[in-house]
Structure formats: C-alpha cells, structure tokens
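Look at the sequence and the fold together before reading on. The paragraphs below go from charged pairs to a helix and then to a loop.

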Amino acid sequence: MAEELTFDIPVGAGVGTRANADGEPVTPKDAATVILLRDGTEGVEVFLQHRVKGMPFAGGMTVFPGGGVDSRDVDTSVSWAGPEPAWWAERFGCDESLARALVCAAVRETFEESGVLLASTGDTVVTDTTPYHDAREKLVSRELSLAAFLEANGLTLRADLLRPWANWVTPPQEPRRYDTCFFVAVLPEGQQADGATSEAVSSGWQRPEEAIVDAREGRRMLMPPTWLTLAELGGFESSAAAQAAEREISKIMPTLVRDGDKVRVILDPA
C-alpha cells in the first residue's frame, strides 16, 4: 500500500503541480546532494541551508548542500581514493561514467556551498580549507574544474568519506527536474561548515528532529526528500552509525496532487 504524506508547499517555492507548456515532461538533470553530519552534545546534527527565495528551484526551502553535475565532473584524471566508480554505479543503478561524475559533483558542490572539502593530501584528510579559499570561488564561477583544482593543490578526492543514501527524481509535471543522488558524509575532523554561498541566506547545524518541528510549526519549509531524510536520520545515535547504515537504493519519484493550498505527496515504498 502506498504511503501518503502531506506537506505545505507555497506557490513559488520551486515545487508544485504546474504542467509544462507543451505537456511533455522535462528530462531530469543529474545532480548530487550531500547530507553532512556531525555529533552534537544532544545527538546527531545535520548541516542545513535556507535557500534564497528568488532561486528558480526550491527557492525559500531548507536543503542540504548540492547541485547539478557539471560536464567536467566526468574527468577521469581526478586523483581518487575509495570505492571505484564501478562500486557507485552498482549502488545507484547507473553507468560508471555517470557514477564518477556524481561522486565528483558531490565533492565539488559540498566544497562550493559549505566549504567542507572531502579530499586529502596523501593519506591525510584535509583539516584546514582556508588555503583553498580563492580556488573555491573559481569553482563556483566555473573558472576552475574539480580535476584542475585537485591537481594544482596535490589533493586526492576521498570517495571513501561518502556513502550512498537515496535517489530522488522530481515529478514529471515540474518544469525543472532533477535526478538527484543523495550521499551522506561525516564532517572531517578540524573542518568547519560555513554559509559562504550566494545561494543561501542562512546555514547551520541542527538536530533532524528539531528541523522537522520547525517545519511543522511554519518556521522553515522542507521538500519531501529533505523531510523524509531528516526523519530517517533521527533514528541514529551517532553520525558514524548513520554513515555505516546499509542502504538499498532505488529511484523514488513522488506523485504530487494539489489539494487546496497544499500539495499531497504520495510515495510508493515498492
């Protein structure tokens, strides 16, 4: 039986039930999202960003860092440590080229949007990202590719710091669609997540349960994937436990039905 969940989704938030002008579904763009975790004094905390209201997708929503795959994310010259693209391809049900691009996009977008760099010099994971401040800005502007950034600084992408979590696809009636692979990562020791991105008006750490309460009481807006991910994370005692969880990944594409001033989100757990 399908699980039915209802969310308040305001007009202009980037989700809803708007038909495309020609009636044909838009092809989803490949994207990656990273759920950053740490252990707080009262349990697991997650890094969340409140997006600028004017953003064309998910404007005004509270989200995890992430974004679309760049054509240069497929570069095979990237210095790589951890599970190979074939391993990720099997988990996300895609080819190896896309799997490589998704992992690279996850690392790149996390650094661009939060300042957290999932990379190492040799075997030592980066603890201080301040030397890469200028490069971060060039990555955002697309002056610099991830591969060029890593090579210039003697860095290795650490795929072993990521774990697969979920795969959500925007419903077909949406004018902007994404096929988004969700990853989970624990904040590397010594690093700090920040809000230095033009895409967010505020950022910070919060317990998953508190973020959901804020959404229920109207203090923040969450899209269904974010809401359900937070609900899942609330069941873990530590960030390490969440990252170690074995996940069976399948594409989830919710059905959206307009119901007055709300959108009914129907999920089929099959």
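A salt bridge is a side-chain nitrogen of Lys or Arg within 4 Å of a carboxyl oxygen of Asp or Glu. R158 and D160 form one, with their closest N and O atoms 2.8 Å apart. This is a predicted model, in which local features need pLDDT of at least 70, side-chain atom pairs count only at pLDDT 80 or more, and totals for chains, interfaces and linings use all residues. Residues are numbered from 1 along each chain as its sequence is written, and side-chain values use heavy atoms, without hydrogens and water.

The structure holds 20 salt bridges. In one of them, the side chains of R207 and E42 meet at 3.4 Å, N to O. R207 lies in the loop between β12 and α5 (208-216) and E42 in the loop between β2 (29-40) and β3 (43-51), so the pair ties together parts that are 165 residues apart in sequence. Helices (H or I, at least four residues) and strands (E, at least two) are DSSP runs, numbered from the N terminus. R207 also meets E210 in a salt bridge, at 3.9 Å, N to O.

Now turn to helix α2, residues 96-114. Of its 19 residues, 16 are buried, where buried means under 20% relative accessible area, exposed over 50% and partly exposed in between (1.4 Å probe, protein chains only). Just after α2, G115 takes a positive phi of about 80°.

G115 is also among the residues that Q191 touches; contact means heavy atoms within 4.5 Å. Q191 lies in the loop between β11 (178-186) and β12 (200-206). Q191 counts as buried because its relative accessibility is 3%.

Methods
The expected span of a helix is 1.5 Å times one less than its number of residues. Lists of a residue's contacts leave out its neighbours within four places in sequence.
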